[in-house]
Amino acid sequence: MTAATEAWLLCPVCGGKTRVRLRADTVLENFPLYCPKCRQQTLIAVHQFHLSILEEPAAQTQSR
């Protein structure tokens with residue numbers, strides 16, 4: 001495969017590289033994407049390299 005048909009899926013929150021790699025024919029629906037950099041989980045859909053966020057992560061309070 002060439003670089004034009006493969007790409008790393010980037011986190012929609014921080015822009016960091018995740019552990020998911022996409023191909024041109026990859027289709028994801030209701031996929032819980034976890035980012036190891038910002039430790040956020042986001043529900044996404046991907047079709048032909050176009051990423052859609054289905055649900056924003058809920059705000060979490062910090063415990064002291």
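**Note on a predicted five-strand model**

1. A search of the whole structure finds 2 salt bridges, a salt bridge being a side-chain nitrogen of Lys or Arg within 4 Å of a carboxyl oxygen of Asp or Glu. The model is predicted, so local features need pLDDT of at least 70 and side-chain atom pairs count only at pLDDT 80 or more, while totals for chains, interfaces and linings use all residues. Residues are numbered from 1 along each chain as its sequence is written, and side-chain values use heavy atoms, with hydrogens and water left out.

2. One of the salt bridges pairs E6 with R21, with 3.0 Å between the closest N and O atoms. This pair links distant parts of the chain, since E6 is in strand β1 (residues 6-10) and R21 in strand β2, 15 residues apart. E6 is partly exposed at a relative accessible area of 22%, and R21 is also partly exposed, at 49%. The classes used here are buried for under 20% relative accessible area, exposed for over 50%, and partly exposed in between (1.4 Å probe, protein chains only).

3. R23 forms a salt bridge with D25, and their closest N and O atoms are 2.8 Å apart. R23 counts as partly exposed at 37% relative accessibility, whereas D25 counts as exposed at 53%.

4. T26 sits in the loop between β2 (17-23) and β3 (27-34). T26 is buried, with a relative accessible area of 19%, against a limit of under 20% for that class. Apart from neighbours within four places in sequence, T26 is in contact (heavy atoms within 4.5 Å) with V46, H47 and Q48.

5. The secondary structure comes to 0 helices and 5 strands, and the pattern along the sequence is β-β-β-β-β. Helices (H or I, at least four residues) and strands (E, at least two) are DSSP runs, numbered from the N terminus.

6. β1 and β2 run antiparallel and are joined by 4 bridges; two strands pair if DSSP finds at least two bridges between them. L10 has K17 in β2 as its bridge partner. The two strands, β1 and β2, form a hairpin with 6 residues between them, and G15 in the turn has a positive phi of about 85 degrees.

7. The count of disulfides is 0, the rule being a pair of cysteine sulfur atoms within 2.5 Å. C11 is in no disulfide, and the nearest cysteine sulfur, that of C38, is 3.8 Å away. C35 is likewise in no disulfide, with the nearest cysteine sulfur, that of C14, at 3.7 Å. C11 is buried, with a relative accessible area of 6%, and C35 is buried at 1%.

8. For the protein as a whole, 20% of the 64 residues count as buried. The accessible surface comes to about 5100 Å², and 49% of that area belongs to carbon and sulfur atoms; accessible areas come from the Shrake-Rupley method with a 1.4 Å probe, and for residues only the protein chains shown count as cover. Among contacts with a separation of 6 or more, 24% are between residues 24 or more positions apart.
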